[in-house]
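Here are my notes on the model, point by point. Please read them with the structure open.

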Amino acid sequence: MTIAITGASGTLGRQIAEGLVRAVDPAGVVLVSRNPGALADLGADARFGDFEDPGSLRQALAGVERLLVISLPRVGERVPQQQAAVDAAAAAGVGHVLYTSITDPSDSNPAYVAAEHRRTEDHMRASGMAWTFLRNSIYTEMLVPTAQGALAGGTLVTNIGGGATSYVARADCAAAAVAALTGEGHEGKAYDVTGPEALDAEAQAALFAELGGREVTVTHVDDDGWVAAMVAHAGMPEAAARIYASFGAAARRGYADSVSTAVEDLTGRAPQPARAALEGLL
Ligand SMILES: NC(=O)c1ccc[n+]([C@@H]2O[C@H](COP(=O)([O-])OP(=O)(O)OC[C@H]3O[C@@H](n4cnc5c(N)ncnc54)[C@H](OP(=O)(O)O)[C@@H]3O)[C@@H](O)[C@H]2O)c1
């Protein structure tokens, strides 16, 4: 079995690549990246592939049987490239394609990225290849700037209302991906890859206070209030703030709090609580 991942030099990609070469013979691992030289130390077959050039992906995927497409970072622009990557995989003869999606990419989910992941999933379903969706929750590491802002100002400004998010450590997403890539029986399955708990605003503030060593209150605002606060106090461009605000809206409306057993089911190890994943990062 020859297993490949795209975007192998990214933060998640590198962790998956390291897990793969530990789990199986590196001779059967293909690491596709715009920057294959950065992966030479892993002993796998690192190949050049760029989503901007689907022909390069098709070439890079020669002989690959199972492929993980790591979603691209360019929110708002990535669907055509991701769909082209799926087409390149089918053309190269890949039999089983996996994809890093989002929890609950249904059309009612207000998270801005939900539609992009849903359209990529739909394209995979129609591709003729076997498919698996690794629907990752929000990375726990994404809380670092939130925590830093809350600790600096003494309050967590949030638009999640009474909602909660089941943050998952990137390392657990990587371990789940390695297990799904190297195991059997995952075709036609969609896994919610989540942490072990869903954190509401008060739980987040309490965690930041504990790790940061100072009191953190909670200030609830609506979406517009949150965008205004991020633009004014965090220097975030408004367009980016609107995208992030949509994650808060998704949490507020109950689209982000499902807690699954997928990490443990896939890897045999319980996912890290947010506290453990954030320790040392603040
Ligand atoms: N669940 C969450 O909370 C969350 C948060 C942020 C992002 N995400 C999603 O999860 C993905 C992985 O997260 P991450 O933290 O590892 O992101 P990252 O460090 O920014 O990595 C981005 C990845 O995109 C690849 N890439 C970008 N442009 C490419 C191109 N033209 N051709 C080929 N590959 C390209 C990079 O691969 P190479 O450089 O090796 O080519 C890299 O693997 C992100 O891209 C994003 O879709 C999820």
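1. The shell around the ligand divides into nine nonpolar, eight polar and five charged residues. In that count Ala, Val, Leu, Ile, Met, Phe, Trp, Tyr, Cys and Pro are nonpolar, Asp, Glu, Lys and Arg are charged, and the others, Gly among them, are polar. In all, 22 residues surround the ligand, and the closest are Gly7, Thr11, Leu12, Ser33 and Ser71; a residue is near the ligand if one of its heavy atoms lies within 4 Å of it.

2. On the source: this is a predicted model, in which local features need pLDDT of at least 70 and side-chain atom pairs count only at pLDDT 80 or more, while totals for chains, interfaces and linings use all residues. Residues are numbered from 1 along each chain as its sequence is written, and side-chain values use heavy atoms, with hydrogens and water left out.

3. A polar backbone atom of Gly7 lies 2.4 Å from an oxygen atom of the ligand. The side chain of Asp50 places an N or O atom 2.7 Å from a nitrogen atom of the ligand. For Arg78, an N or O atom of the side chain is 3.1 Å from an oxygen atom of the ligand. Taken alone, the ligand exposes 870 Å², and the protein buries 83% of that; the areas come from the Shrake-Rupley method with a 1.4 Å probe, and for residues only the protein chains shown count as cover.

4. Arg78 also forms a salt bridge with Glu116, the closest N and O atoms being 2.7 Å apart. A salt bridge here is a side-chain nitrogen of Lys or Arg within 4 Å of a carboxyl oxygen of Asp or Glu. Glu116 is in helix H4 (residues 114-125) and Arg78 in the loop between strand E4 (66-69) and helix H3 (79-92), so the pair ties together parts that are 38 residues apart in sequence. Helices (H or I, at least four residues) and strands (E, at least two) are DSSP runs, numbered from the N terminus. Both Glu116 and Arg78 are buried, where buried means under 20% relative accessible area, exposed over 50%, and partly exposed in between (1.4 Å probe, protein chains only).

5. How many salt bridges does the structure hold? The total is 15. One of them joins the side chains of Arg47 and Asp45, at 2.9 Å from N to O. Arg47 is partly exposed at 22% relative accessible area, and Asp45 is partly exposed at 32%.

6. Arg242 and Glu238 meet in a salt bridge through their side chains, with an N to O distance of 3.3 Å. Both lie in helix H9 (residues 238-252), four residues apart, about one turn of the helix. Arg242 is partly exposed at 39% relative accessible area, as is Glu238 at 46%. Elsewhere, a network of salt bridges links Glu121, Asp122, Arg125 and Arg135.

7. Which residues touch the most other members of the largest nonpolar core? They are Ile5, Ile16, Leu31 and Leu68, in a core of 32 residues. Such a core is a set of buried Ala, Val, Leu, Ile, Met, Phe, Trp, Tyr and Cys residues joined through side-chain atoms within 4.5 Å. The elements giving two or more residues to this core are strand E1 (3-5), helix H1 (11-23), strand E2 (29-33), helix H6 (170-182), strand E9 (189-193) and helix H10 (262-267). H6 supplies the largest share, eight residues. In soluble globular proteins, nonpolar side chains tend to be buried together.

8. Please look at Asp104 in the loop between strand E5 (96-102) and H4. Phi of Asp104 is near 50 degrees, a positive value in a residue other than glycine. Asp104 is partly exposed, at 31% relative accessibility.

9. Thr100 lies in strand E5 and is buried, with a relative accessible area of 5%. A polar atom of the Thr100 side chain lies 2.9 Å from the backbone nitrogen of Ser71.

Notes
A polar contact is a pair of N or O atoms within 3.5 Å; within protein, one must be able to donate a hydrogen and the other to accept it, and residues adjacent in sequence count only if both atoms are side-chain atoms.
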